[in-house]
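Here is my note on the model shown below. Please read it alongside the coordinates.

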Amino acid sequence: MPTEIEPIRWRGDHLELLDQRLLPDVEMYRAYHDTSAVADAIRTMVVRGAPAIGITAAYAMALAAQHLKSNEADVWHSALEPALQQLAASRPTAVNLFWALDRAREVIAAGGDVRARLLDLALTIHRNDIANNRRIGDFGAALIEANSNVYTHCNAGALATGGYGTALGVIRSAFRGGKIAHVYAGETRPWLQGARLTSWELMHDNIPCTLNVDGAASWIMQQKNIRWIIVGADRIAANGDVANKIGTHNLAIIARHCGVRFMVAAPTNTFDLTAATGAAIPIEQRDANEITHWQQGELTPPNCAAINPAFDVTTAELIDAIVTEHGVIEQPNREKIAAHFAAFNRSH
Ligand code: MRU
């Protein structure tokens, strides 16, 4: 039985993050004692993946509060605001980060024992994320026929979340139910989350998988009888448009052309209902060096111009199902998403 993969660990008075930049060669945890170091870890991809970034930010606020001596509400407010701002500036697209910071703001505004309550918030967000991923896994697995080949992109696994994963959570649950014959994983240039992280997670769980270059996706869909593309999300707009790792939109277009279904697995805190459509989602532009260089060496002619958007937006009409911890939104649109949120808000 595979062991749990733990990307984020709270150690009583400090945070530990599994350095995902070193995987799969080296499994090394780094210790964090202050917010600015955590913001830097998010920015530099020590920790990545939308839910994992949100959980990490919540722990970073608990760290910020630990350093404060006073118990006065106005002191809390002014002392913690810079930490909130610093974390908010770390990466722009994954809305789970801003969702977690908003929850921390509510705790600070409510006052009381803010130090204890911020830590409790982080632990609760972390615990709930894992439980929600297991629910997403079950709902998503129910959509998949026995013995299916599926395709995934980037890493939406345990490493990208509190544990278990969203897209890989669906694949894990479906595999246990005998529904997955084989997983194809796109390598995901330039950070190679598919090659380094998804293949590592799937092999760790003994789920049969094969890696491919991103450009092979249409060939694989045609040749390997792929039933579903299954991906995570960084931010979902109110109309069902989904921002996810660059290349996801390509896959959705090819999938529609090839008659392959397209599933997005994400918790409800990945939705941004203030974004009317995907056009309102900020897309992170990362350093061109990430694609012009490999380790210390230059791949391209010196000064080669390069553009490095980290995410793209897949429009809702290309998506067959969005799976959350509350169920499945088939052929998502604005009305169905509003109804999904209304139904679970009523039940709380
Ligand atoms: O740049 P990254 O590695 O943080 O991007 C991650 C992704 O795009 C994932 O597919 C997405 O966050 C879903 S994670 C469950």
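1. Domain 1 puts 28 residues into the contact and domain 2 puts in 29 residues, where contact means heavy atoms within 4.5 Å.

2. Basis. This is a predicted model, in which local features need pLDDT of at least 70 and side-chain atom pairs count only at pLDDT 80 or more, while totals for chains, interfaces and linings use all residues. Residues are numbered from 1 along each chain as its sequence is written, and side-chain values use heavy atoms, with hydrogens and water left out.

3. Fold content and size. The protein chain has 11 helices and 16 strands. Helices (H or I, at least four residues) and strands (E, at least two) are DSSP runs, numbered from the N terminus. The radius of gyration of the protein chain is 20 Å, close to the 20 Å from the globule rule for 348 residues, so the chain is as compact as a globular protein of that length. That radius is taken over C-alpha atoms, and the rule is 2.2 Å times the number of residues to the power 0.38. The C-alpha atoms fill a box of roughly 65 × 55 × 45 Å along the principal axes.

4. Burial and surface. Of the 348 residues, 55% count as buried. Buried means under 20% relative accessible area, exposed over 50%, and partly exposed in between (1.4 Å probe, protein chains only). The accessible surface of the protein chain is about 14300 Å², and 53% of it belongs to carbon and sulfur atoms. Areas come from the Shrake-Rupley method with a 1.4 Å probe; for residues, only the protein chains shown count as cover.

5. Contact range. Take the contacts in the protein chain between residues at least 6 apart in sequence: 74% of them join residues at least 24 apart.

6. Cis peptides. Most residues other than glycine have a negative phi, and most peptide bonds are trans. A cis bond joins Leu 23 and Pro 24, with omega about 5°. Pro 24 sits in the loop between β2 (15–18) and β3 (29–32). The bond from Arg 189 to Pro 190 is also cis, with omega near 0°. Pro 190 sits in the loop between β5 (180–186) and α7 (193–204).

7. Positive phi. Met 45 is not a glycine, yet has a phi of about 75°. Met 45 is in the loop between α1 (35–43) and α2 (50–66), and is buried at 2% relative accessible area. Gln 331, also not a glycine, has a phi of about 40°. Gln 331 is in the loop between β16 (327–330) and α11 (334–346), and is partly exposed at 40%.

8. Thr 166. Where does Thr 166 lie? Thr 166 is in the loop between β4 (148–152) and α6 (167–176). Its relative accessible area is 4%, so Thr 166 is buried.

9. Ile 236. This residue lies in strand β8 (residues 235–237). Ile 236 is buried, at 0% relative accessibility. Beyond four places in sequence, Ile 236 touches residues including Val 242, Val 264, Phe 271 and Ile 322. Ile 236 and Leu 159 are 77 residues apart in sequence and 20 Å apart in space, C-alpha to C-alpha.
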